[in-house]
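Subject: Structure for your review

Dear colleague,

Please find the structure below, together with the sequence. My findings follow directly after it.

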Amino acid sequence: MPVRVLLVDDEPLVRAGLRAVLEAQPDIEVVGEAADGAAVVPLVRKVRPDVVAMDVRMPLLDGIEATRVLLRTVADPPRILVVTTFENDEYVYEALRAGADGFLLKRARPAEIVHAVRLIAEGESLLFPASVRQLAAEYGDGGGNRAARALLERARLTEREGEVLRLMARGLSNAEIAARLVVGTETVKSHVSAVLAKLGARDRTQAVITAYESGFVAPG
């Protein structure tokens with residue numbers, strides 16, 4: 001089955017460019033378009049995409065609030081890929097905090113766009129470690145977020161789970177974490193699943209943000 005993608009951007013040229021890039025792939029299908037975040041929920045219910053590629057800045061309802069509404073109101077919601085002009089943008093960080101699974105720069109090359117959609121559709125998070133660290137350092141309360149600290153304390157991560165979370169924050173894949181810790185990939189997957197469950201995180205992105213905002217991992 002092809003990956004079904006919904007495009008949400010107030011610029012028609014951006015939507016047209018993304019559509020051209022994605023529909024050139026045999027395993028990706030663009031099933032709808034919207035010009036504002038206000039149209040996301042009804043369209044998602046109608047066309048049932050696997051991935052929503054969504055601009056973060058839109059005039060009526062921005063990508064941050066659209067993400068919140070979508071995750072709050074739609075059962076089994078699609079994955080959300082924020083598409084943005086500027087990577088060092090508070091809007092991007094807030095969208096990730098709201099539950100977006102990753103972000104992609106509008107200037108990305110076609111191959112990077114296709115890779116991002118496939119990766120997000122497979123359930124992975126699209127993290128740019130340096131960019132997320134920079135965003136967390138600038139907008140993440142400097143490790144002083146009380147709610148994040150309380151959440152991490154309640155999670156009671158084991159020592160190994162803490163190691164895995166720190167490596168996740170550095171952007172390492174499961175295979176890279178396995179190599180670093182000299183364990184099997186399936187073992188790492190189990191640890192990652194445990195970390196997400198204990199933190200109540202939708203995916204790796206939200207777990208990493210909690211790690212930064214609680215001060216468990218320093219963003220610098």
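How many cavities of 30 Å³ or more does a search of the whole structure find? The search finds one. Please bear in mind throughout that this is a predicted model.

**The cavity and the pocket**

The volume of the largest cavity is about 30 Å³. Its lining consists of Leu-18, Leu-22, Ala-53, Leu-81, Val-83, Leu-104, Ile-113 and Val-117. At least two of the lining residues come from each of helix α1, β4 (79-84) and α5 (110-121). Sorted by class, the lining of this cavity comprises eight nonpolar residues, with no polar and no charged ones.

The largest pocket has a volume of about 260 Å³. It is lined by 16 residues, of which Arg-97, Leu-151, Gly-200, Gln-206 and Thr-210 are the closest to its centre. Three elements, α4 (90-98), α7 (146-155) and α11 (204-213), each contribute at least two residues to the lining of the largest pocket. Which of the elements gives the most to that lining? It is α11, with four residues. The lining of the largest pocket is made up of eight nonpolar, five polar and three charged residues.

**Helix α4 and Ala-95**

Ala-95 is located in helix α4. Is Ala-95 buried or exposed? Its relative accessibility is 0%, so Ala-95 counts as buried. When neighbours within four places in sequence are set aside, Ala-95 is in contact with Val-56, Ile-64, Thr-67, Val-82 and Ala-100. For a sense of distance, the C-alpha atom of Ala-95 is separated by 20 Å from that of Arg-146, and the two residues are 51 places apart along the chain. Directly after α4 comes Gly-99, with a positive phi near 130 degrees.

**Strands β1 and β2**

Strands β1 and β2 pair in the parallel sense, over six bridges. Within this pairing, Val-3 stands opposite Ile-28 in β2. Strand β2 is largely enclosed by the rest of the structure, because five of its seven residues are buried.

**Salt bridges**

The structure contains 18 salt bridges.

Glu-29 and Arg-4 form a salt bridge in which the closest N and O atoms are 3.9 Å apart. Because Glu-29 lies in strand β2 (residues 28-34) and Arg-4 in strand β1 (residues 3-8), this pair ties together parts that are 25 residues apart in sequence. Glu-29 is partly exposed, at a relative accessible area of 34%, and Arg-4 is partly exposed as well, at 26%.

A further salt bridge joins Glu-33 and Arg-15, with 2.8 Å between the closest N and O atoms. This pair links distant parts of the chain, with Glu-33 in strand β2 and Arg-15 in helix α1 (residues 12-23), 18 residues apart. Glu-33 has a relative accessibility of 31% and counts as partly exposed, whereas Arg-15 is buried, with a relative accessible area of 13%.

Glu-161 forms a salt bridge with Lys-198, and here the closest N and O atoms are 2.8 Å apart. Glu-161 lies in helix α8 (residues 159-169) and Lys-198 in helix α10 (residues 185-199), so this pair ties together parts that are 37 residues apart in sequence. Glu-161 is buried, with a relative accessible area of 7%, whereas Lys-198, at 32% relative accessibility, counts as partly exposed.

With kind regards

Terms used:
Residues are numbered from 1 along each chain as its sequence is written. This is a predicted model: local features need pLDDT of at least 70, side-chain atom pairs count only at pLDDT 80 or more; totals for chains, interfaces and linings use all residues. Side-chain values use heavy atoms; hydrogens and water are left out. A salt bridge is a side-chain nitrogen of Lys or Arg within 4 Å of a carboxyl oxygen of Asp or Glu. Buried means under 20% relative accessible area, exposed over 50%, partly exposed in between (1.4 Å probe, protein chains only). On a 1 Å grid over the protein atoms alone, a cavity is a set of points where a 1.4 Å probe fits but cannot get out, and a pocket is an open set with protein on both sides within 12 Å along at least five of seven lines; lining residues have an atom within 4 Å of a point. Grid points are joined across faces, edges and corners, and a volume is the space filled by probe spheres set on the points. Ala, Val, Leu, Ile, Met, Phe, Trp, Tyr, Cys and Pro count as nonpolar, Asp, Glu, Lys and Arg as charged, and the others, Gly among them, as polar. Contact means heavy atoms within 4.5 Å. Two strands pair if DSSP finds at least two bridges between them.
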